[in-house]
Number of protein chains: 2
Amino acid sequence: MPPTDVGFVGLGTMGAAMAARLLAAGHTVHGFDVRAAAVTRFAERGGRPARDAADAARDLLVIMVHDAEQVENVLCGHAGALESLRPGATVWLASTVAPSYARDLGTRLDEAGVTLVDGPVSGGLAGATAGTLTVIAGGDPAVLDRARPVMAACAARVCRVGGVGAGSTVKLINQVLTAAHIALTAEALALAARAGVDPRLVVDVVSSSAGTSRQFETRSPAMLAGDHTPTATVRTFLKDLGIAQDVAAELDFPMPLAAATNRVFTMAAEAGHADDGDTAVLRVYEDAAGVTVSAP
Amino acid sequence: MPPTDVGFVGLGTMGAAMAARLLAAGHTVHGFDVRAAAVTRFAERGGRPARDAADAARDLLVIMVHDAEQVENVLCGHAGALESLRPGATVWLASTVAPSYARDLGTRLDEAGVTLVDGPVSGGLAGATAGTLTVIAGGDPAVLDRARPVMAACAARVCRVGGVGAGSTVKLINQVLTAAHIALTAEALALAARAGVDPRLVVDVVSSSAGTSRQFETRSPAMLAGDHTPTATVRTFLKDLGIAQDVAAELDFPMPLAAATNRVFTMAAEAGHADDGDTAVLRVYEDAAGVTVSAP
């Protein structure tokens, strides 16, 4: 399949990295972000700057903004993309939103002859930069096939998990597990420090034992170093944990571990760490126990 | 170091597998269990049957029983091993007990001139059978060195994490993480089923994403199959989660995720699954949500 014209709205950390992959793959990318500086950086890397979302609209439009409210603005706000999208166009919504929102949006786009791929991604900035993201896709198989060549530029895997709404559901499940594993890593290391055991030895033992997780392995070095520089922020996880709890409430489904995780992240935000990296949840435990994991 | 005479008390599933490794390594093993059938099976595999714990006592004595109460009986009960242990003997306590109990026991053994390695293991039955356990050891380095040749027969790693009490602490931390990851796997798969998403696709996506854990990878196949045959039981994890909560309470340390995990395992036991495999915690979520993960 030859490179195509692609629209891209949302050139934040993740979006910029994904758009850079599309450019490197030879696609012509028309990009917009409400922050002018982000558009300038994008243009410096070879992208075509768009004046607004309507100007970025192409037959394949990627949206990678923070939340559903921003998605609404991109599509239906002032100079929104929906007025410029042609019948037959496809929107790849890569943001993490509520499944109910994705389904509602799918219905509204359908009325305009536009199809939706509910396709949030997993892999973070490292995956976006390396082009090894996983797209967790919900949507019609034929529609998904149209988006695949563009997805392939930034993703190692495209997994179809059902119709519109299913992609968001599975992404939220993955986020809940990720956040819970981060909180558990903090709970484990701070308990060790409180009990007088060197947290570095806990990391050494657990990493090769039954209690390990991808997050334990990737986040514990930062916690041992006391370095809470953001990759993903506490705020982003709180947003997704909130959506997951809304989903659980709608379905009358009990999620005690997700609820406990939400409380830990909420406490971290209330203590002033909303815009710190997710490992800052460690501070909740350190402050409660009067210990410091990085200097036991 | 040449093979030695070893005492071994507790020939249950884990103990029998560990004792078999010692026999295969050429050690002479004097074994006892309160269940006569376990001693008979041990003798059939080449072990020397002991009449009681006192009769099994050697200069290195391995104890692999269920809990601290059984450890007390082995050492200080009727025909207990302590009366037969010579000054200079070493006890390798491989059971998972409270750190405070391990420390107290260490003090009492010390008065008899006997040294203690607080050395619970990680790796389960598969690790014991293959000889790839991790010993999470607390104790004096010189004492630990005496036990190493015997440990090497059933463990790939011996990690010293501090003095007596530290081994139990780190083992409990590993158990809390393991149990929480099992509960989270159940929470994730049952939510998928409740939301109308195929749990098999969730396993496929999460296994290669940020939300994965060792337990997600090893336990999700059994959950998808609805097979809750015990490897470790709900009861065993409940015992260890209870000890962990006691440790947290003693240290005035908050463990919200461990507490939520304890509630899920408690509900599983109350629903009649105490002696089922740990994956039976899935039933708590399935029953609450009215779904079956194995037949979505």
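**Figure 1. Helix α11(A) at the second largest pocket.** In this predicted model, α11(A) gives the most to the lining of the second largest pocket, with five residues. The pocket has a volume of about 1400 Å³. Its lining counts 50 residues, and the closest to the centre are T13(A), M14(A), M64(A), T231(A) and T236(A). Several elements of chain A each supply at least two lining residues, among them α1, α2 (36–44), α4 (68–76) and β7 (121–122). Also in this group are α6 (124–130), α8 (166–194), α10 (214–225) and α11. By class, the lining has 21 polar, 19 nonpolar and 10 charged residues.

**Figure 2. K239(A) in helix α11.** Helix α11 of chain A covers residues 234–250 and holds K239(A). The relative accessibility of K239(A) is 18%, so this lysine counts as buried; the cut-off for buried is under 20%. Beyond its neighbours within four places in sequence, K239(A) is in contact with H66(A), D67(A) and T96(A).

**Figure 3. Helix α1(A) from end to end.** Helix α1 of chain A runs over residues 13–24. Its 12 residues should span 16 Å at 1.5 Å a residue. The end C-alpha atoms lie 17 Å apart, which agrees. Buried residues in α1(A) are G15(A), A17(A), M18(A), A19(A), A20(A), L22(A) and L23(A). G26(A) follows the helix, and its phi is positive, near 95°. α1 also supplies at least two residues to the lining of the second largest pocket.

**Figure 4. G31(A) inside strand β2.** Strand β2 of chain A covers residues 28–32, and G31(A) has its place there. The relative accessible area of G31(A) is 0%, so this glycine is buried. Neighbours within four places in sequence aside, G31(A) is in contact with F8(A), L11(A), V39(A), F42(A), R48(A), P49(A) and A50(A). V62(A) is 31 residues from G31(A) in sequence. Their C-alpha atoms are 9.3 Å apart in space.

**Figure 5. D55(A) in helix α3.** Helix α3 of chain A covers residues 53–56 and includes D55(A). D55(A) is partly exposed, with a relative accessible area of 22%. Not counting residues up to four places away in sequence, D55(A) touches P49(A) and A50(A). P49(A) and A50(A) are also among the contacts of G31(A). A81(A) is 26 residues from D55(A) along the chain, and their C-alpha atoms are separated by 7.2 Å.

**Figure 6. D104(A) in helix α5.** D104(A) lies in α5, residues 99–111 of chain A. Its relative accessible area is 38%, so D104(A) is partly exposed. A166(A) is 62 residues away along the chain, with 13 Å between the two C-alpha atoms.

**Figure 7. Chain A, the setting of the close-ups.** Chain A has 13 helices and nine strands. Its radius of gyration is 20 Å, close to the 19 Å that the globule rule gives for 296 residues, so the chain is as compact as a globular protein of that length. Along the principal axes, the C-alpha atoms fill a box of roughly 65 × 45 × 35 Å. Of the 296 residues, 57% count as buried. Among contacts between residues at least 6 apart in sequence, 65% join residues at least 24 apart.

Methods:
Residues are numbered from 1 along each chain as its sequence is written. Chains are lettered from A and ligands numbered from 1 in the order in which they are written. This is a predicted model: local features need pLDDT of at least 70, side-chain atom pairs count only at pLDDT 80 or more; totals for chains, interfaces and linings use all residues. Side-chain values use heavy atoms; hydrogens and water are left out. Helices (H or I, at least four residues) and strands (E, at least two) are DSSP runs, numbered from the N terminus. Buried means under 20% relative accessible area, exposed over 50%, partly exposed in between (1.4 Å probe, protein chains only). The expected span of a helix is 1.5 Å times one less than its number of residues. Contact means heavy atoms within 4.5 Å. On a 1 Å grid over the protein atoms alone, a cavity is a set of points where a 1.4 Å probe fits but cannot get out, and a pocket is an open set with protein on both sides within 12 Å along at least five of seven lines; lining residues have an atom within 4 Å of a point. Grid points are joined across faces, edges and corners, and a volume is the space filled by probe spheres set on the points. Ala, Val, Leu, Ile, Met, Phe, Trp, Tyr, Cys and Pro count as nonpolar, Asp, Glu, Lys and Arg as charged, and the others, Gly among them, as polar. The radius of gyration is taken over C-alpha atoms; the globule rule is 2.2 Å times the number of residues to the power 0.38.
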